[in-house]
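Here is a short report for a reader meeting this structure for the first time. Keep the 3D view open while reading.

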Amino acid sequence: MKKCFVLLLIVMSFFSCDDDLVSNEENRLFDSVGFLSNVLTNHILPEFRTFSSDVVDLIEAKDAFVVDKTIENLLNFRNQYLVAYTSYQSVAKYGLGRSATINFNQNLNTFPFNLVELEAFVLSDQSKELTSVNTQNRQGFPAADFLLNGLADTDEGILAFYTGENGTDYTQYLSTVVDRIDSLSEQASNDWEGTFGNEFSSDSEFFNLYVNTYIQYFESTLRTMKIGFPAGVNTGTISPISIESLYKPEESRGLYLEALASSRLLYTGINEEQSSLSKILINLGEEGLDARIKIAFLEAQSQSNRLNENLRLQVETDNNEMLLTRDALQEVVRLLKVDLTSKLNVSITFQDNDGD
Amino acid sequence: MKLTNFLKLSITAAILASCGSDDNDAEVAPGLVPGLEVPSTYVFVNEEGESTVDFSGQTTRLRQGIEILKDFTTFGTTQELLDGKFAGGEGFIDATLNGSKTIKSKVAETFSAVNQAEVRAVFDGYIEDQADILLEEFANAEAVSVATVGNVGKLERAGGAGFRFVNANGLELNQAFNKGLIGALALDQIVNDYLTLTEGVAEQAANTGGLLVEGKTYTDAEHHWDEAYGYLYGASDEEVLANPNSRHLERANVVDAFLYKYLQRAEEDADFKGIADEVFQAFKTGRAAIVANDYVESKRQADIIRRQLSEVIGIRAVFYIKEGVRRIGLGQAEINNGNAFHDLSEGYGFVYSLQFTNDPTTGEAYFSPAEVKGFIERLDAENGFWTLADNTAELNAIADEIAARFNFTVEQAESLDAAN
């Protein structure tokens, strides 16, 4: 009889779980609105402002290059591109709100850049628009990387593409790529500065979505795309050409480290006073878990520092270091996705992509 | 997919009703879950009558494995061809097996990246070695010398039944590859990957909400469960895919070379008779539980599958090691005719597979990768099986250590009592 009673309880509690979810959100033991408002003020807005201002500089450098195609202007353009690509790493983890609807990250950073039938594409109308889903892998920073670093082996050779026979088309493609980075960034940034930012920072409903977005970014983009794919973790065969910044591979580790550091800072918070996921855990009496997460972040960072600045070279010469990095990142994923979410009563709403 | 209130009520009523007559606290028979409609075969359909079951990717990989195993003992096969099939999913004679699906991409999929790469390197190594020492080296079996201590060669089976080909340690690499993949591919995919995916909160919420995979008739959770099913039963004859035990439980009718084959072998032993049906019932019941959004029940069934299939690996590891010891004890002829080392080679592969098991009480493997590495080092020490043939105490010790972790004894696993 006892067994049946337990079974009945289980079934009953299962039936009522919908209602539980609602009440859990209302009765969180921490101030989720205060947290969200802190994330907006201390992370999202400053990071987006830096990025937007870097993109403005990028546009200026591009304009200067278009007017006067010199080596000097090319080098300046390339510098500004790297500055913007670096600050982009911080805003990539906020893929919600308008960023989600305009596919901000997919358009700005789908890599590797697709090379197939490139010349025909450059000469086509498509390269002057880049709004189609099919052109997601032909725009953004990876396209800029190719157009500024990868067209030829020398700066003179690269310049020749913009001054040669099809120079007008190449110039226009490059221009369109940069202009689109600008327009998408402006849309995302305005959204955070305006309506969506206000909603986000005043409605506890966003806590779930925010935590999910953060963890999904860390798992899918940081762990899998930047490290796992090149290291061949899924296929069992290394794929050196899957790195970020393929045409200037010596910058690949730098971009990745920027993303990792910024993700870590978002967890710990920028100073003692501000709310953060770390602070919430501590206030809940979960100092142990908080310490484990911090250590896992530090271990991931220190393992990542062992990598060659050129991740392509790292994969080709000693892939084991890449695998160790992937495992260190996975430890962070596990702690965030399983332990942190259970303490904070957050349900993971994104799914593992694994099927065939 | 959402349970209607009526259904909730009737389930509650069914439980209450069954409680009335439950004074003896009688055990509920496996697969008999109050209120859950479990079909007699693995057939699940939607309201339109369309099947919601699909595991073609698993069937493909099991068949790829079977073809690769043939190549493993076919002289003239190149490493390139084997690599192409194993890692690239290309070059199969059965053209339907060529494509994006590969075995290698699923080997040790649930391991950490470092451990996974290590395991994949072991399988790559079997391929490389087999091509190097035998397939690319010799034109045919006649050209291979008889194996001796520390030397690659062949062992001639009794009655003109052909040869066993062994490496310098007396190990048949095709057996190591085959039995190792039972753990690294089939078992790992079932117990650590797909069944676990059905336990994801997001997958369960989508299933409860009736959210179908785009363009498909099933939810992710249903599909993952079917994919687990496919890694065990996917190589069955098409007309019995939904009821494999009806045909393939006969030894002569086994078509699979991987996990199902050894579930069948365990079933043949009176000590484990019934295990094949228990696993099949658990697969059906768990799938029905997912359809009914009953994730407590589906987890319970998943754990039955985890425990039983993990035990199959343990049983066969012990069985083959003890068989090897027994044959060594019969005298030199059993080494010369390949029988003893053949058993040890199968055991070697099953021992390797132990690291992919899953003990549902802990969620961990019965043996860690480091522990398995320890066993393998003992099996590889000095001249491998040649050395162990003079030191069967070491083999017995390994068998004891394995059985001690499981819910069976060495005696049960080694006995050849035919099941009634």
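The model is predicted.

**Salt bridges**

Over all chains, the structure holds 40 salt bridges. Three of them are set out here.

| Pair | N to O distance |
|---|---|
| A:Glu47 and A:Lys93 | 3.2 Å |
| A:Lys62 and A:Asp179 | 3.0 Å |
| B:Lys179 and B:Glu346 | 3.1 Å |

Start with chain A. The side chains of A:Glu47 and A:Lys93 meet in a salt bridge. A:Glu47 sits in helix α3 (residues 32-67) of chain A, and A:Lys93 sits in the loop between α4 (71-91) and α5 (98-101) of chain A, so the pair ties together parts that are 46 residues apart in sequence. Both A:Glu47 and A:Lys93 are buried.

Next come A:Lys62 and A:Asp179, whose side chains also form a salt bridge. Here A:Lys62 belongs to helix α3 of chain A and A:Asp179 to helix α10 (residues 167-193) of chain A, so this pair ties together parts that are 117 residues apart in sequence. Are the two partners buried or partly exposed? A:Lys62 has a relative accessibility of 4%, so it counts as buried. A:Asp179 has 33%, so it counts as partly exposed.

Now turn to chain B. A salt bridge joins the side chains of B:Lys179 and B:Glu346. The pair links distant parts of the chain. B:Lys179 is in helix α5 (residues 173-197) of chain B, B:Glu346 is in helix α13 (residues 339-353) of chain B, and they are 167 residues apart. B:Lys179 counts as buried because its relative accessibility is 2%. B:Glu346 is buried too, with a relative accessible area of 6%. Chain B also has a network: salt bridges that share partners join B:Glu323, B:Arg326, B:Arg327, B:Glu334 and B:Asp343.

**Aromatic rings**

How many aromatic pairs does the structure hold over all chains? There are 61 aromatic pairs. One of them is B:Tyr42 with B:Tyr229: the ring centres are 3.7 Å apart and the planes are at 10°, so the pair is stacked. B:Tyr42 lies in the loop between α1 (5-20) and α2 (56-71) of chain B, while B:Tyr229 lies in helix α7 of chain B, so the pair ties together parts that are 187 residues apart in sequence. Both B:Tyr42 and B:Tyr229 are buried.

Chain A has a cluster of rings. Ring pairs link A:Phe30, A:Phe35, A:Tyr94, A:Trp192, A:Phe196, A:Phe200, A:Phe206, A:Phe207, A:Tyr210 and A:Tyr214.

**A negative patch**

Look at the surface of chain B. There, B:Glu80, B:Glu128, B:Asp129, B:Asp132, B:Glu136 and B:Glu137 gather in a patch of negative charge. Which helix gives the most to the negative patch? Helix α4 (residues 113-135) of chain B does, with 3 residues. B:Asp129 is found in helix α4 of chain B. B:Asp129 has a relative accessible area of 38%, so it is partly exposed.

**A loop residue**

B:Lys216 has a relative accessibility of 41%, so it counts as partly exposed. B:Lys216 and B:Thr52 are 164 residues apart along the chain, and their C-alpha atoms are separated by 8.0 Å.

Methods. Residues numbered from 1 in each chain as written. Chains lettered and ligands numbered in written order. Predicted model: local features only at pLDDT ≥ 70, side-chain atom pairs only at ≥ 80, totals over all residues. Heavy atoms only, no water. Buried < 20%, exposed > 50% of the residue type's maximum accessible area, 1.4 Å probe, protein only. Patch = residues over 30% accessible without salt bridge, like charges linked within 9 Å, V, L, I, M, F, W, Y side chains within 5 Å. Areas by Shrake-Rupley, 256 points an atom, 1.4 Å probe, with all protein chains shown as cover. Salt bridge = Lys/Arg side-chain N within 4 Å of Asp/Glu carboxyl O. Lys, Arg positive; Asp, Glu negative; His and termini not counted. Charge placed at Lys NZ, Arg CZ, Asp CG, Glu CD. Helix = DSSP H or I, 4+ residues; strand = E, 2+ residues; numbered from the N terminus. Phe/Tyr/Trp six-rings, centres within 6.5 Å; stacked < 30°, edge-to-face > 60°.
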